[in-house]
Amino acid sequence: MRLVTLRTNNVTVAARLTSDTEAVVIPGYADVGALLAQPDWREIAAAGGSAVQVNRGGLAPVITRPGKIVCIGLNYAQHIEEMGHERPGVPTLFVKFADALTGPYDDARVPSFNAAGLDFEGELAVVIGRRARHVPAAEAGAHIAGYSIINDYTQREYQYRTQQWHQGKSLEATAGFGPWLDTEWAPGPALETTLNGERMQYAPTNDLVFSPADLVEFISHLYPLNPGDVIATGTPEGVGHARSPKRYLGDGDTVRVSIDGLGYIENTTRIL
């Protein structure tokens with residue numbers, strides 16, 4: 001089952017995709033996150049309501065205001081090497097605010113005073129469908145609603161001013177998220193990130209230092225993970241900051257992140 005959040009008449013609605021261009025509205029739910037808050041969300045989504053046409057511009061972030069977006073740094077071995085870090089013994093966590101999200105095909109509009117060191121980080125996103133607290137990895141799958149794609153859009157100049165990364169990770173309306181939540185997909189297929197059509201990143205999504213189950217276990221022992229919360233699982237090697245010369249994003253640059261079975265997101269940076 002593929003779930004989306006659609007923009008319609010200046011509001012958003014949750015819907016279930018029935019094809020690449022059609023969906024069935026799930027009445028009463030403003031986004032997929034509101035739907036996941038219901039214990040019987042699968043049955044509700046399967047029923048649905050009226051049919052509507054779907055186009056790229058009508059897709060909002062699959063969850064518009066997650067309660068938490070927990071991001072994982074240093075979770076692919078080769079990316080750890082390219083960034084000059086040692087392999088961590090436990091997941092490296094930081095947070096991204098919901099204000100950072102934008103639609104899967106929206107432009108990332110960045111004020112010129114924030115436009116130094118803009119970078120891409122294509123990532124697999126885990127979406128929580130059932131409250132998780134002190135959950136062992138072996139039981140984590142029961143708490144995962146499904147998977148999606150996110151770009152951990154980053155401003156490197158701010159990120160590396162201090163030892164804390166958050167300030168470079170939450171630029172408003174820059175992180176594409178979507179296009180849908182797939183409730184049946186499983187990690188394995190490769191993630192690919194391209195910049196203006198040129199491949200920048202490529203890695204299997206099951207080649208993580210810490211798997212989605214590991215992450216649910218670790219995070220849920222710190223604080224609860226609630227339905228609609230998002231875990232961005234980390235990025236493979238190939239980010240612009242680690243290249244020589246560095247490949248930062250400029251006005252008009254288009255980043256596409258795709259994962260087989262999860263579709264793709266595509267966002268163009270616009271410097272204001």
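1. Let's start with a proline: Pro179 sits in strand S13, which covers residues 175-182. The peptide bond leading from Gly178 into Pro179 is cis, and its omega is near -5 degrees.

2. A quick word on what you are looking at. This is a predicted model, where local features need pLDDT of at least 70, side-chain atom pairs count only at pLDDT 80 or more, and totals for chains, interfaces and linings use all residues. Residues are numbered from 1 along each chain as its sequence is written, and side-chain values use heavy atoms, with hydrogens and water left out.

3. Where is the other proline to look at? Pro245 is in the loop between strand S16 (230-232) and strand S17 (254-259). The peptide bond from Ser244 to Pro245 is cis, with omega near 0 degrees.

4. Now for the record. In an unreviewed entry, UniProt places the feature "domain: Fumarylacetoacetase-like C-terminal" at residues 68-268. UniProt positions follow the numbering used here, feature names are shortened, and annotations may be inferred rather than shown by experiment.

5. Next, have a look at His134. This residue has a positive phi of about 55 degrees although it is not a glycine. His134 belongs to the loop between strand S10 (122-128) and strand S11 (144-151). Its relative accessibility is 47%, so His134 counts as partly exposed (buried means under 20% relative accessible area, exposed over 50%, partly exposed in between, with a 1.4 Å probe and protein chains only).

6. Asn196 is not a glycine either, and has a positive phi of about 50 degrees. Its place is the loop between strand S14 (190-195) and strand S15 (198-204). Asn196 counts as partly exposed because its relative accessibility is 47%.

7. Which way do S17 and S18 run? They are antiparallel, joined by six bridges; two strands pair if DSSP finds at least two bridges between them. Ile259 has Gly263 in S18 as its bridge partner. Three residues lie between the strands of this hairpin, and Gly261 takes a positive phi near 95 degrees there.

8. Strand S18 (residues 263-271) also pairs with strand S8 (residues 108-110), in the parallel sense and over three bridges. Here Ala108 stands opposite Thr269 of S18.

Notes: Helices (H or I, at least four residues) and strands (E, at least two) are DSSP runs, numbered from the N terminus.
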